[in-house]
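Today I'm looking up salt bridges.

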Amino acid sequence: MTKRFEIAYLLKEDVKALLNTNIIVKGWVRTKRGNKNVAFIAVNDGSIIHNIQVVADPAKFEEELRRITTGACIGVEGKLVESQGSGQAVEIQAEKIVVYGEADPDSYPLQKKGHSMEFLREIGHLRLRTNTFGAVMRMRHEMAYAIHTFFHERGFFYFHTPLITASDCEGAGEMFHVSTLDPENPPRDKEGKIDWEQDFFGKFTALTVSGQLEGELGATSLGKIYTFGPTFRAENSNTPRHLAEFWMIEPEMAFYDLDSLTQLEEEFIKYLVRWALDHCMDDLEFLNKMIDNSLIERLKSVVDTDFVRLPYTEGIKILEEAAAKGHKFEFPVSWGVDLASEHERYLVEHHFKKPVIMIDYPKEIKAFYMKQNDDGKTVQGTDVLFPQIGEIIGGSVREESYDKLLKRIEELNIPMKDMWWYLDTRRYGSCPHAGFGLGFERLMLFVTGMANIRDVIPFPRTPGNANF
């Protein structure tokens, strides 16, 4: 029985043993060309960026070739031979062709020409078939695999935190509600407010913005855990850096201090970039050519350099000096402000020319759970800042003191009814611990060179867009 092979195997493995034997490939037609004597069909099955060439006799396959156009799905059985032309090592001499699905050449939108990213977003159900999005999605898989491999090799446990929650980790309030109540006629209490006690969970619930708080529970029992799953934020933002649904990696580690935290952050991001260079070079070379011609060079520079540790106060001084010397920032800089992307990128791309891990932020601009420094003004927060991206990782040492954490919760008027279980981790056997969050799609922006975050996730969820 003739065996089917994926194109990646035929093009990447040593296939000398298969030469002059019959094989089967199946995939989608990228191009068809030729004359009355010979036809050349480029077939791609998604397993690799490259196509395999099928050589067919027009006299033998007249009916099939008439039906084969760009986008058609076909199966080919034939002899694998060394290619007579340049550009490929092997090709297939067709002996049998099956057309599984035709593609109307008058309406099929992915013809052999350049398409803008904006146009491809309009046909999101088909854009995955393009070379660009095939490359991005294969790299997305590799990066996910690398993340699990990194943590598994270091003794972390994969920990599943809930998608439905009653707590807002960041305090932003921009959450998607989860409810079974009738939206047109919800039950109301005596004060006329919605009676959430009659809802499915008996309380107000929403989709999670972060698994961190629950992840801390895992770290205080298992030692080192990581989460990797979808998170949701109902932020009405249409920037190239925001999604309503995105994936987060959030490790939490008992007995880590600021130094060990920043060391892990640097080790983690370098591991992922190195993995991309080692395992995704075919796709990287395509993206480097078609999307960003400095991509591979930039990735190599991250792997080969030590990240800067920069206290927030020193970073502000650098930015203020730059502004005084004439550098134009859209947003003003002063101690206590939350840095904008332009400030972060100035530090990374212009001043240090390497990634920066900023530490010791003003407590007023950071979350309630960050460990407070002895100066009473700053907390042990960390942000990893990257070229072109700005912040790619945000983390901190967590406040382990029950009294300090309680005071901070009260200062910010966070409802105590939502925090009792979190405070119990400090009440019963509290330990020093730390963690960080990496936005998976922001990582994908960096390793692929894509400019818009909507183009590194299969089905982007943004304001006004929830197709498929």
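Which residue forms a salt bridge with Lys12? I found Asp282, with the closest N and O atoms 3.2 Å apart. For the record, a salt bridge here is a side-chain nitrogen of Lys or Arg within 4 Å of a carboxyl oxygen of Asp or Glu.

Housekeeping: this is a predicted model, so local features need pLDDT of at least 70 and side-chain atom pairs count only at pLDDT 80 or more, while totals for chains, interfaces and linings use all residues. Residues are numbered from 1 along each chain as its sequence is written, and side-chain values use heavy atoms, leaving out hydrogens and water.

Back to the first pair. Asp282 sits in helix α7 (residues 281-290) and Lys12 in helix α1 (residues 7-12), so the bridge ties together parts 270 residues apart in sequence. Helices are DSSP runs (H or I, at least four residues) and strands likewise (E, at least two), numbered from the N terminus. I noted Asp282 as partly exposed at 23% relative accessible area and Lys12 as exposed at 54%. The cut-offs: buried is under 20%, exposed over 50%, partly exposed in between (1.4 Å probe, protein chains only).

Next I checked Glu441 and Arg140, whose side chains meet in a salt bridge at 2.8 Å, N to O. Glu441 is in helix α13 (residues 440-448) and Arg140 in helix α4 (residues 131-153), 301 residues apart. Glu441 is buried at 1%, and Arg140 counts as buried at 11%.

Then came Arg398 with Glu252, closest N and O atoms 2.5 Å apart. Both are buried.

Last entry: my search of the whole structure gave 22 salt bridges.
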